[in-house]
Each structure stands twice: as C-alpha cells, then as structure tokens.
Amino acid sequence: MSVEFWFLIGAALVFWMQAGFAMVETGFTRAKNAGNIIMKNLMDFCIGTVVFSLLGFSLMMGEDALFGLIGVPNLDLFLHFKEFIASPAEGFTDASIFVFNLVFCATTATIVSGAMAERTRFSAYCVYSGVISLLIYPIEAHWIWGGGWLSQIGFHDYAGSCAIHMVGGIAALVGAIVLGPRIGKYVTGADGKVVKVNAIPGHSIPLGALGVFILWLGWYGFNGAAATSVSELSSIFLTTTIAPSVATCTTMIWTWAKNGKPDVSMCLNASLAGLVGVTAGCDAFDAAGAAVVGIVSGILVVAIVELLDLKLHIDDPVGAVAVHCANGIWGTLAVGLLANPDAPAGLRGLLYTGDFTQTGLQLLGFAAVAAWAAATMSGFFLLLKKLNFLRADASDELAGLDSSEHGLPSAYADFMPAVDSYVSFGSAEPAPAVSGTVPPAEAIPVRREPAFPSPGPKFTKVEIVFREEKLFALKEALSRLGITGMTVSHVMGYGLQKGHTEFYRGVPVETDLRPKVQMDIVVSAIPVRDVIETAKKALYTGHIGDGKIFVYDVENVVRVRTGEEGWAALQDAE
C-alpha cells in the first residue's frame with residue numbers, strides 16, 4: 001500500500017504541473033491573452049478527463065489487440081466499478097492506474113497550447129485537445145506502456161520523453177506550421193520572403209519563472225512516481241536534478257557569450273529542456289550520463305528556438321517545440337547511448353558497453369511514434385484549417401483573445417492594460433477598413449478653443465521626460481531652485497536607443513517601449529532658462545536616453561479650490 005500511496009502522490013504532483021504550464025505560457029505571451037491561456041490549460045485537463053474516461057484509457061491500457069497496436073475498448077470504469085477500485089494481489093488498483101495515466105495524458109495535450117498561443121480559436125483548441133486525449137496519445141502510449149509492441153521488444157521510455165513530450169512537441173510543431181505566425185511576427189518583402197523577424201516579448205518573466213519552478217517540483221513526481229524502491233527513487237531524483245541544472249548553466253553561458261548578456265527566458269526554457277531530456281532514461285542514467293544529457297539539452301534548446309524563428313520562420317511563442325519535441329527526441333535516443341548497466345534499469349548503453357541493441361530499439365521507437373504523431377496531427381490540423389475553424393480573426397487577434405473569446409476586458413481587472421500591448425504590432429493593412437459614411441471632418445473634428453485674455457505675467461510649462469532612477473535627483477535640484485509644485489507620472493518612451501540593441505530569445509528587439517518618468521512644471525517668476533539648465537545638470541550622464549525637455553506657452557492657470565486665476569493661482573505652488 002505504501003508504494004501505491006507514493007504512486008498516487010506522484011500523480012497529484014503531475015496534475016500540479018498543469019499550473020506550471022499555465023504560468024509559463026501566460027508569462028511568455030502578451031497580457032491581452034492571459035485569460036484565454038488560463039482557460040485553455042484548465043479545459044484541456046477537464047475535457048481530457050471526460051474523453052480519456054470514455055475511450056482513451058481503455059485504448060491505452062485495455063487488453064492488447066491487433067498485434068500490440070491498440071487496447072480493446074471497454075467501459076469497466078463505469079460498468080464494473082467495484083472491481084475497478086479493488087486491490088489486486090499484485091500491483092496497483094485500476095483506479096490508481098487510471099488517475100496516473102490521466103494526468104500524463106493531460107500533459108501531452110497542454111504542450112501544444114504554447115506553440116499555437118495568441119491566435120488560435122478557443123473552440124478549435126477544445127476540439128484538438130480532446131482528440132489528442134481521446135485517440136492520438138492513448139494509442140501510441142499503449143505501444144510503450146500498455147503492453148503494446150514497443151514494450152514487448154524492449155523499447156525504454158520510463159516517464160515519457162517519447163510518449164508525452166515528443167508527441168506533444170510534434171503536435172505543437174505541426175500546429176504552429178499549419179496555423180501560421182502571429183500578426184507582426186515576420187515582415188515580408190515584395191517577393192513574399194521574410195526580410196525581418198520581430199521579437200514579441202512575453203509580458204511577465206516572473207510568471208514564467210514561477211511556472212518553471214512549479215514544473216520542476218512536479219517533475220519529481222512525473223519521473224519518480226513509478227519507482228518501486230527507495231534506491232530506484234533516489235536515483236531518479238538525482239538524475240532529475242542534475243540534468244536540468246546542467247542544461248540551465250549551459251544555456252546561460254552560451255547566451256551570455258553570444259548576446260553579451262544571459263537570456264532569462266532561454267534559461268527558463270533550458271531548465272525544462274533538461275527535464276524533458278532526462279525523462280526517458282531517468283532510471284537508466286548515472287550522474288555523468290545525466291550531466292551529458294543536460295549539456296546537450298542546454299545547447300539544443302537555444303539552437304532549435306533560433307532555427308525555428310530566424311531560419312524557418314515558424315512562430316512558437318513559448319519554445320514548446322525546442323523544449324518538448326527536440327529534447328523529447330534527444331532523451332529517447334540518449335537512453336540507447338548513455339544507459340549505465342549499474343543504474344536501476346540495468347540497460348546496456350552503447351557508450352558504456354559497446355552494445356548497439358538498445359540504441360537500435362530506441363531509434364525504431366522514436367521513428368514509429370514520431371510518424372504516428374506527425375501523420376495524425378497533420379491531417380487533423382489541415383482539416384480544421386480547411387473548415388476555417390482553426391485561426392482567430394485578425395481583428396480578434398490584435399485586440400487580444402481575452403476580449404473576443406471570453407468577454408474579458410483584461411485578465412488583470414484592477415490594473416490598466418500596459419500601453420505596449422496596444423502598439424507592439426498592428427495590422428498588416430496600410431489603413432483601417434472604412435465602413436461608415438461620416439466625412440473625416442465630422443468623424444475626427446479639430447477645434448481650437450479661443451485664447452484667454454492674459455494681460456498679466458507670462459506662464460510657461462516645462463515638460464521633462466527622463467530616466468526613472470533620476471527622479472530624486474531632479475526633484476531635489478528643482479526644489480533648491482524654488483519649485484515646489486510639480487506633476488510626476490510614468491510614461492513609456494517609444495523607439496530603439498542607438499547603439500543599445502537587446503535580444504529576446506536570440507532576436508534583436510528593434511523597437512521598444514521603455515519606462516520613463518515625465519515631470520510637468522508651470523513657472524512664471526522663475527526664469528525658464530534656469531529650470532532648463534538645472535534639469536540638464538541633474539539628468540546628464542553622457543549616455544543616449546538621458547531625457548528630453550519640452551517648453552510650452554500656457555494661456556492661463558486656474559486653482560480649482562479657490563477659483564483664482566493667473567499669477568495668484570501659482571503663488572503657493574512655485
């Protein structure tokens with residue numbers, strides 16, 4: 001019973017990984033789609049539970065049929081519930097096995113969400129997520145874990161580098177290709193070829209990091225739940241810790257050397273890549289083997305992200321293909337290369353024993369499962385596209401799927417939407433479509449109000465836009481000049497600073513909204529030139545982006561509390 005108890009605790013940890021996937025995908029995409037992404041990650045588990053209960057579980061774990069290709073469908077879960085929960089003489093109850101395999105199935109479906117984020121119809125997502133849990137995953141998982149033909153010949157995928165991550169990654173790759181990129185991601189020339197790749201940064205690195213830590217915690221259950229001894233479990237925990245740690249260090253060093261600074265989002269992806277890479281052989285690797293897996297995973301994740309984005313122009317917002325597909329393949333093949341006979345699995349890896357047998361089996365299993373996933377998901381996604389059911393309308397995509405798909409003005413209801421969510425990328429159309437008949441002069445009236453008579457002193461508004469960290473210095477300098485009244489607000493400055501190129505996931509960020517502070521002052525008695533020189537002295541660092549100063553004539557000043565105007569309204573504020 002104690003082993004089965006850990007088995008179920010492990011299943012609960014795997015379920016908790018749904019939260020991790022939701023946070024990673026939300027953080028790596030834009031805020032205007034956050035609610036849509038949370039809903040997708042909720043519903044792929046809930047829909048998956050329904051269809052896996054009805055058919056998927058029996059296809060995966062039912063009595064073997066058709067020479068190990070499929071399980072025989074049954075409804076034992078509903079028709080023979082007493083027997084379903086009864087404890088057998090050996091092994092686990094069917095109920096425990098059902099819950100364990102259900103949470104793994106849901107993981108396969110949710111991987112696809114990230115690569116197709118920000119432009120997929122929610123209804124289409126519900127349909128293809130259900131199909132993955134109903135048919136695609138259960139059939140190939142039967143081959144590997146349900147007594148099917150791959151398990152019979154000795155193919156080894158302990159926790160799912162192949163069955164879960166590679167299959168989910170292939171579905172993500174096919175979906176991203178069929179769906180096409182987000183609006184504004186790639187700029188094409190007159191010949192239709194891509195001439196520029198735009199970076200579209202996610203809105204919350206902290207959310208993405210939280211998701212990675214949740215996933216890493218859950219992975220100890222993901223890889224370790226099926227362990228049947230303390231020795232086996234401790235070995236799995238060790239390899240599950242070493243591989244992602246080494247992968248993350250590798251990616252940090254690579255991106256630091258390549259771009260001049262370590263890439264935060266790439267390092268987060270690298271942690272997941274190392275976890276995916278070690279999953280198939282977590283019981284078959286020793287510490288050195290896990291480290292090698294981590295090094296390759298750390299290199300592979302960066303190389304594939306940049307290959308897809310910069311060369312193949314396949315838009316994957318969260319790096320799902322690089323993390324799950326590429327490293328799922330690597331992890332599957334690594335078992336044949338790096339399995340140590342002294343590890344709990346007792347497999348004979350090529351590099352340890354010179355025996356090619358396990359490597360050949362891993363190659364065969366990879367090829368068969370990859371062909372199944374690619375063929376079935378390609379056909380299904382192409383069908384959805386032909387029915388015009390897959391992609392959201394351009395106007396909905398630009399506005400954000402929170403609004404169009406779920407009626408949410410913002411997933412962050414108490415916070416103003418970030419300015420950059422509206423101006424990052426617009427429609428490819430040169431001008432908006434005209435659907436009304438009102439003349440431009442009436443639709444967008446321009447009116448100049450009559451000037452106030454101002455025979456008295458002259459008023460001038462000085463507007464200063466500058467770096468956030470200079471606020472205290474400027475305030476103190478102006479206070480010493482005699483100015484005590486000022487309005488301060490946060491603004492976003494648009495444009496790339498010359499000589500200041502940054503990279504997001506290997507792509508230059510060529511246009512950017514940078515946080516600035518804007519200070520507004522109205523003066524009369526104090527000379528404007530004194531204000532300007534004081535501000536320049538306080539703000540100057542000798543670097544591009546120190547700030548700008550704008551000077552305007554002011555026609556009148558009115559104090560609301562007393563009704564005073566002009567000079568009198570400024571007396572206690574200047």
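Figure 1. The model is predicted, with local features needing pLDDT of at least 70 and side-chain atom pairs pLDDT 80 or more, while totals for chains, interfaces and linings use all residues. Residues are numbered from 1 along each chain as its sequence is written, and side-chain values use heavy atoms, without hydrogens and water. Phe78 belongs to helix α3 (helices are DSSP runs of H or I with at least four residues, strands runs of E with at least two, both numbered from the N terminus). Together with Val50, Leu54, Leu75 and Leu79, Phe78 forms a nonpolar patch on the surface, with about 500 Å² of accessible area in total. Helices α2 (34-61) and α3 (76-79) are the elements that give two or more residues to this patch. A patch is made of residues with over 30% relative accessible area and no salt bridge; nonpolar side chains (Val, Leu, Ile, Met, Phe, Trp, Tyr) are joined within 5 Å, like charges within 9 Å. The areas come from the Shrake-Rupley method with a 1.4 Å probe, and for residues only the protein chains shown count as cover.

**Figure 2. The two sides of helix α20.** In α20 (residues 471-481), the buried residues are Leu474, Ala477 and Leu478. Viewed down the helix axis, these buried residues fall within an arc of 95°, so they line one face of α20; the arc is taken over the directions from the helix axis to the C-beta atoms. An α-helix has 3.6 residues a turn, so residues three or four places apart point the same way. Phe472 and Arg480 are exposed on the other side of α20. Gly482, just after the helix, takes a positive phi of about 110°.

**Figure 3. The salt bridge between Arg182 and Glu118.** The closest N and O atoms of Arg182 and Glu118 are 2.5 Å apart in a salt bridge (a side-chain nitrogen of Lys or Arg within 4 Å of a carboxyl oxygen of Asp or Glu). Arg182 sits in the loop between α8 (161-179) and β3 (186-188) and Glu118 in the loop between α5 and α6, so the pair ties together parts that are 64 residues apart in sequence. Both partners are buried: Arg182 has a relative accessibility of 4%, and Glu118 one of 1%. The loop that holds Glu118 runs between α5 (94-115) and α6 (122-145). Glu118 has a positive phi of about 80°, although it is not a glycine. Arg30, Glu118, Arg182 and Asp315 are linked in a network of salt bridges. The structure holds 17 salt bridges.

Figure 4. Lys185 forms a salt bridge with Asp309, at 3.1 Å between the closest N and O atoms. The pair links distant parts of the chain, 124 residues apart, with Lys185 in the loop between α8 and β3 and Asp309 in helix α12. Lys185 is buried at 4% relative accessibility, and Asp309 is buried at 10%. Lys185 and Asp309 are also among the residues nearest the centre of the largest cavity, as are Val305, Asp316 and Arg505, from a lining of 18 residues. Helix α12 (residues 287-312) gives the largest share of that lining, three residues. The largest cavity holds about 180 Å³ of space, and the structure has three cavities of 30 Å³ or more. A cavity is a set of points, on a 1 Å grid over the protein atoms alone, where a 1.4 Å probe fits but cannot get out; lining residues have an atom within 4 Å of a point. Grid points are joined across faces, edges and corners, and the volume is the space filled by probe spheres set on the points.

Figure 5. His313 lies in the loop between α12 and α13 (320-338). Its phi is positive, about 55°, although His313 is not a glycine. His313 is partly exposed, at a relative accessible area of 25%.

**Figure 6. The salt bridge between Asp355 and Arg348.** The side chains of Asp355 and Arg348 meet at 3.4 Å, N to O, in a salt bridge. Asp355 is partly exposed at 23% relative accessible area, and Arg348 is partly exposed at 44%.

**Figure 7. Glu555 and Phe459.** Glu555 is placed in the segment after β10 (547-554). With a relative accessible area of 34%, Glu555 is partly exposed. Phe459 is 96 residues from Glu555 in sequence and 6.9 Å away in space, C-alpha to C-alpha.

Notes. Buried < 20%, exposed > 50% of the residue type's maximum accessible area, 1.4 Å probe, protein only. 1 Å grid on protein atoms, 1.4 Å probe; cavity = no way out; pocket = protein on both sides within 12 Å on 5 of 7 lines; lining within 4 Å.
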